[in-house]
Amino acid sequence: METARSLPAAQVIPGWRLIISDAGRFWAVRNRAFPGTALRAGAEPTVDADTFEEVREAVVRQEEIAEGVSS
């Protein structure tokens with residue numbers, strides 16, 4: 001597996017660790033835990049997708065869920 005350190009700078013998601021599986025699937029794992037309220041609202045600290053763009057969109061959705069309950 002590759003980590004964000006070996007990926008191009010354009011493929012970095014601040015606050016999330018990016019992993020590409022041997023099969024080429026993208027995974028993002030949040031560096032800090034979501035608060036319990038965000039988790040109960042459905043925010044997922046780990047997401048996966050077929051492409052970098054899709055995993056970035058999934059991360060944005062999770063952060064929006066978390067922001068929606070902390071506002």
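Q: Which residues does glutamine 62 touch in this predicted model, leaving out residues up to four places away in sequence?
A: Glutamine 62 touches Trp16, Phe34, Gly42, Ala43, Glu44 and Val47. Glutamine 62 itself sits in helix H2, residues 52-70.

Q: Why is glutamine 62 called buried?
A: Buried means under 20% relative accessible area. Glutamine 62 comes in at 9%, so it counts as buried.

Q: Why is the pair of tryptophan 16 and phenylalanine 34 called edge-to-face?
A: A search of the whole structure turns up two aromatic pairs. In the pair of tryptophan 16 and phenylalanine 34, the ring centres are 6.2 Å apart and the planes sit at 65°. Centres within 6.5 Å make a pair, and planes over 60 degrees apart count as edge-to-face, so this one is edge-to-face.

Q: What makes this pair a tie between parts apart in sequence?
A: Tryptophan 16 is in strand E2 (16-20), while phenylalanine 34 is in the loop between strand E3 (26-30) and helix H1 (36-40), so the pair ties together parts 18 residues apart in sequence.

Q: How do you know that E2 is largely enclosed by the rest of the structure?
A: Count its residues: four of the five are buried, so that's your reason.

Q: How do E2 and E3 pair, and over how many bridges?
A: They pair in the antiparallel sense, over five bridges. For instance, arginine 17 has valine 29 in E3 as its bridge partner.

Methods:
Residues numbered from 1 in each chain as written. Predicted model: local features only at pLDDT ≥ 70, side-chain atom pairs only at ≥ 80, totals over all residues. Heavy atoms only, no water. Phe/Tyr/Trp six-rings, centres within 6.5 Å; stacked < 30°, edge-to-face > 60°. Helix = DSSP H or I, 4+ residues; strand = E, 2+ residues; numbered from the N terminus. Buried < 20%, exposed > 50% of the residue type's maximum accessible area, 1.4 Å probe, protein only. Pairing = 2+ DSSP bridges. Contact = heavy atoms within 4.5 Å.
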